[in-house]
Amino acid sequence: MIIEKGFSNHYLYIDLTSRTWSVKRLTEKELTDYIGGKGVGLKLFNDHFSDLAAIDPLGPENLLGFIMSPILATGAPCSARFDGVTKSPLTGIMVTASCGGPFGYACKTSGWDGVLIEGRSEEPVTLSIHYEGVDFLDAKDLWGLTTSKVQEELGLGVKDGAVVIGPAGENLVPYANICSGHRFLGRGGMGAVMGSKNLKAVVARGRAYRVIPVKQRKFKSVVRRSKRYIERNDFLKKYRAYGTNANVRLSMTEKFAPVENFQRQTDKQIEHITGERHKERYRQRFSTCKHCSILCGHKGYYPDGKLRQIPEYETTGMFGPNIGNYNPDIIGQWNDQLNELGLDTISTGGTLAWAMEATKEGIFTSDLRFGHPENITETIDAIATRSGIGEELSKGSRVLSKTYGGEEFACHVKGLEMAAYDPRGSWGQGLSYAVNNRGGCHLGSYLVGPEAMFHFLKPHTTKSKAQWACFFENIFTGINSLQTCQFIAFSVLLEPPIPRLTPLPILGFVMSHLPKLAIGLLDWSLLSGLFEAVTGLKMSQKDFYVAGERIQVLERWMNIRMGITSADDTLPKRFLRDTEHEEEKTPGVDLQPMVQEYYELRGYDEEGIPKASTLERLGLS
Ligand code: SF4
């Protein structure tokens with residue numbers, strides 16, 4: 001069977017309490033306005049509830065969605081991804097995440113553009129999704145299994161894919177993740193939402209359908225151009241060689257490393273855990289998401305003979321300098337352990353580092369010390385099972401710091417632990433963290449890229465940062481709705497003729513001083529072209545950008561109704577400019593002027609609330 005326009009436009013709603021299911025559809029306009037993945041997920045979630053604030057994230061009423069995109073299963077570069085959406089038990093606001101595991105491809109080719117699950121099963125259950133509907137299967141024997149073990153036990157065929165949780169999700173750790181293959185919906189505790197529903201796994205039995213792009217010639221030409229850009233982009237070549245650990249050395253030289261809970265921004269021992277060191281130390285092979293052309297994922301043989309996934313930059317940072325550890329072998333072991341238990345590596349690392357500093361300050365009692373990795377393995381186990389000290393640590397750094405003190409060094413935004421980029425090395429990244437809808441996530445506008453990695457923008461100034469934060473948020477939100485890998489932005493934006501042929505100093509000058517002109521010269525028609533070629537629905541470059549903006553503002557509007565205020569758009573005190581003690585301290589981020597300019601550009605009022613005119617312009621009123 002064939003899906004002819006990218007969308008099967010069948011969204012499967014499953015109620016675990018009553019063990020029933022139904023199907024919903026969207027209009028063509030809605031599909032174009034929200035693209036797929038993140039956009040469609042947020043729209044469906046928003047439409048489902050009249051009172052978003054009343055949803056208990058771990059209550060049966062919460063909705064957990066897995067949403068596909070129109071380009072999934074077309075073979076377009078880095079396109080076999082899907083999105084998760086729910087209300088987060090860690091932050092109490094919306095959380096979305098993107099994953100390149102096999103579930104997306106299998107679900108799409110079983111004929112479903114989305115699976116949205118509510119209710120709670122009385123007994124552990126697994127859902128089996130196929131083109132005719134859903135089967136509810138007993139999962140008592142699977143309960144307690146780790147993420148790889150449960151996928152083994154599910155007997156997945158080559159056409160199948162699953163999303164599963166490990167023990168951390170079952171035990172409702174608010175930063176538990178969801179696993180598909182060896183990839184994760186990592187942030188914000190989606191695994192705990194799945195656990196609260198007694199749902200161990202969702203299996204999609206795929207390939208009943210094929211997706212055939214409407215405009216074949218355009219599709220082939222866009223894919224060719226996309227692959228050409230990927231192949232010649234120097235930054236992506238580094239990711240292919242060293243994975244995202246290519247950023248580790250930069251974090252040391254550009255001073256954005258999170259040393260000992262972000263007390264310092266660099267340490268020469270980071271040299272032991274760079275991407276280059278990983279490459280020398282472990283014989284590696286690729287281990288990527290499906291249909292990937294960039295190839296950032298690697299596995300390597302460790303000295304104990306085990307073949308392990310090489311950790312991402314964020315994991316290396318959070319379990320390396322962040323806790324005073326510079327041994328890559330142990331980081332690899334912990335990465336495995338965290339993935340098997342189903343714990344978000346960033347939030348776990350951030351919480352452990354807070355506990356180490358709080359212990360040193362004498363406000364929290366534990367055996368945790370910077371530079372002492374001895375008891376980390378058992379502490380990770382304790383968090384996943386919520387036993388002993390793990391019961392406290394499982395609450396995350398926001399709750400812990402409110403209980404024990406140390407809020408000024410609890411490195412989170414809106415309850416989500418910050419990733420391994422110190423904003424004092426990149427003020428734009430500080431703004432990106434502060435205003436990001438899901439909290440302390442590095443991916444919102446990722447301004448550390450243009451500032452500290454490419455040196456297009458000066459890192460220690462507020463100039464033009466709000467403009468670029470809005471631009472990149474809109475583009476990345478569009479990408480996460482089209483569901484191609486966010487890394488593709490490096491090639492899409494940097495490889496067309498104008499940026500490629502413009503000398504760096506000129507590019508930097510225009511980006512810093514004339515950001516509107518610079519944005520006007522950029523070309524992201526590859527992204528809108530991909531949507532149009534597959535679906536046959538008209539989409540210009542501008543339409544794609546506005547769709548990204550619409551989704552971004554919708555999410556903000558949803559969060560406002562869940563209680564977010566301008567007071568939440570900030571950074572922990574550790575990172576902020578402190579005029580009184582400026583002489584004694586590393587200069588902090590001058591955040592407020594950037595936030596106010598950001599609100600203005602976004603069409604929010606001074607309190608950060610979208611104005612009626614903004615909502616109306618974007619069709620959200
Ligand atoms: S570049 Fe990396 S994260 Fe992106 S699709 Fe490929 S393997 Fe996945």
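**Close-up views of a predicted model**

**View 1. The interface between domain 2 and domain 3.** In this predicted model, domain 2 and domain 3 together bury about 1,600 Å², and carbon and sulfur atoms account for 62% of that area. The size of an interface is often expressed in this way, as the accessible area that is lost when the parts come together. Contact across this interface involves 21 residues of domain 2 and 22 residues of domain 3, while the C-alpha centres of the two domains are 26 Å apart.

View 2. The domain assignment divides the chain into domain 1, covering residues 2-211, domain 2, covering residues 240-413, and domain 3, covering residues 423-617.

**View 3. Polar and charged pairs between domain 2 and domain 3.** Between these two domains there is 1 salt bridge, in which the side chains of R574 and E357 meet with an N to O distance of 2.6 Å. The polar contacts between domain 2 and domain 3 amount to 8 residue pairs, counted where both residues have pLDDT 80 or more. On the side of domain 2 that touches domain 3, the elements giving two or more residues are α9 (246-253), α13 (345-360) and β18 (412-413). Sorted by class, this side of domain 2 holds 10 nonpolar, 6 polar and 5 charged residues.

**View 4. The shell around the ligand.** The residues around the ligand include the cysteines C289, C292, C296 and C485, together with R81, R183 and F487. By class, the shell consists of 6 nonpolar, 2 polar and 2 charged residues.

Technical notes: Residues are numbered from 1 along each chain as its sequence is written. This is a predicted model: local features need pLDDT of at least 70, side-chain atom pairs count only at pLDDT 80 or more; totals for chains, interfaces and linings use all residues. Side-chain values use heavy atoms; hydrogens and water are left out. Domain bounds come from an automatic or database domain assignment. Contact means heavy atoms within 4.5 Å. Buried area is the accessible area (1.4 Å probe) that two parts lose on being put together, summed over both. A salt bridge is a side-chain nitrogen of Lys or Arg within 4 Å of a carboxyl oxygen of Asp or Glu. A polar contact is a pair of N or O atoms within 3.5 Å; within protein, one must be able to donate a hydrogen and the other to accept it, and residues adjacent in sequence count only if both atoms are side-chain atoms. Helices (H or I, at least four residues) and strands (E, at least two) are DSSP runs, numbered from the N terminus. Ala, Val, Leu, Ile, Met, Phe, Trp, Tyr, Cys and Pro count as nonpolar, Asp, Glu, Lys and Arg as charged, and the others, Gly among them, as polar. A residue is near a molecule or strand if one of its heavy atoms lies within 4 Å of it.
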